[in-house]
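This report goes through the structure shown below by topic. Please keep the sequence and the 3D view at hand while reading.

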Amino acid sequence: MPLDPENRGILELQARAGLPPLHALSPQEARRQFREATLPLVRQIAEEVGGVEDRRIPGPDGPIPVRIYRPRAGQPLGILVYFHGGGWVIGDLDTHDAVCRVLTNATPCLVVSVDYRLAPEHKFPAALEDCYAATAWVARHLAGDGSSSLPVAVAGDSAGGTMAAVVAL
């Protein structure tokens, strides 16, 4: 099967830059390389939103960092809890900031990005437990109560998409 042209382009850019493949690096080196490669683009394409707040919410093994994005105009139509991708090893609130800003403006929902614990330092099911705990916290503390409550949805990319599917189940 031929390689998808967009993925081929990413691999070619990586090869031209002389960067080793992420799987050949330690988790710490892979995180550093991913951040260094991603953050300039994130800063360049980041959209303005109505507000951004970093918080720490209770988790099963200590506080979970989250970033809450508010839409520019009016009341949010719902809440989207977002889990970043990165193979359960890389990625964080900053590397996926631009994606969350786009989601905030396009939906327009309150978007809560979850900085779950990463492997291999935190073994399965640590990341999933953080994602579930964050979603439960959002439902209890941000969604409202009764007739004025906002619907809560989950989403993510790559590994985060897997976690969103499991949390939804």
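## Asp97 and Arg101 in α3

Asp97 and Arg101 are four residues apart in helix α3 (residues 97-106), so about one helical turn separates them. In this predicted model, the two form a salt bridge whose closest N and O atoms are 2.6 Å apart. Asp97 is buried, at 10% relative accessibility, and Arg101 is buried at 16%.

The pair also belongs to a network of salt bridges that links Arg35, Asp54, Arg67, Asp92, Asp94, Asp97 and Arg101.

## Other salt bridges

The structure holds 13 salt bridges. One of them brings together the side chains of Arg117 and Asp130, at 2.9 Å from N to O. Arg117 lies in the loop between β4 and α4, while Asp130 is in helix α4, so this pair ties together parts that are 13 residues apart in sequence. Are these two residues buried or exposed? Both Arg117 and Asp130 are buried, and for Asp130 the relative accessibility is 2%. Leaving aside neighbours within four places in sequence, Asp130 is in contact with Pro60, Ile64, Val114, Tyr116 and Arg117.

A further salt bridge joins the side chains of Glu53 and Arg55, with an N to O distance of 3.7 Å. Here Glu53 is partly exposed, with a relative accessible area of 31%; Arg55 is partly exposed as well, with 33%.

## The β1–β2 hairpin

Strand β1 (residues 51-57) runs antiparallel to β2, and seven bridges join the two. Arg55 has Val66 of β2 as its bridge partner. Six residues lie between the strands of this hairpin, in which Gly62 takes a positive phi near 115°.

In soluble globular proteins, nonpolar side chains tend to be buried together. The largest nonpolar core of this model has 23 residues, and those with the most contacts inside it are Val66, Phe83, Val114, Tyr116 and Met163. At least two residues of this core come from each of β2 (64-70), β3 (79-83), β4 (110-114), α4 (126-141) and α5 (159-168). Which element supplies the largest share? It is α4, with seven residues.

## The buried face of α5

In α5, the residues Ala159, Gly160, Met163, Ala164 and Val167 are buried. Seen down the helix axis, the buried residues of α5 fall within an arc of 140°, so they line one face of the helix. They pack against β3, α4 and β5 (152-156). Met163 is also among the residues with the most contacts inside the largest nonpolar core.

## Cysteines

A disulfide is a covalent bond between the sulfur atoms of two cysteines. The structure holds zero disulfides. Cys100 is in none: the nearest cysteine sulfur, that of Cys109, is 12 Å away. Cys109 is likewise in no disulfide, its nearest cysteine sulfur being that of Cys100. Cys100 counts as buried at 0% relative accessibility, and Cys109 counts as buried at 13%.

## Backbone exceptions

Most residues other than glycine have a negative phi, and most peptide bonds are trans. Where do the cis peptide bonds described here occur? One joins Ala119 and Pro120, with omega about 0°; another joins Phe124 and Pro125, with omega about 10°. Pro120 lies in the loop between β4 and α4, and Pro125 lies in the loop between β4 and α4 too.

Trp88 has a positive phi of about 70° although it is not a glycine. Trp88 is found in the loop between β3 and α3 and is partly exposed, at 37% relative accessibility. Ser158, also not a glycine, has a positive phi of about 55°. Its place is in the loop between β5 and α5, and at 56% relative accessibility Ser158 counts as exposed.

Key:
Residues are numbered from 1 along each chain as its sequence is written. This is a predicted model: local features need pLDDT of at least 70, side-chain atom pairs count only at pLDDT 80 or more; totals for chains, interfaces and linings use all residues. Side-chain values use heavy atoms; hydrogens and water are left out. A nonpolar core is a set of buried Ala, Val, Leu, Ile, Met, Phe, Trp, Tyr and Cys residues joined through side-chain atoms within 4.5 Å. Buried means under 20% relative accessible area, exposed over 50%, partly exposed in between (1.4 Å probe, protein chains only). Contact means heavy atoms within 4.5 Å. A disulfide is a pair of cysteine sulfur atoms within 2.5 Å. The arc is that of the directions from the helix axis to the C-beta atoms. A salt bridge is a side-chain nitrogen of Lys or Arg within 4 Å of a carboxyl oxygen of Asp or Glu. Two strands pair if DSSP finds at least two bridges between them.
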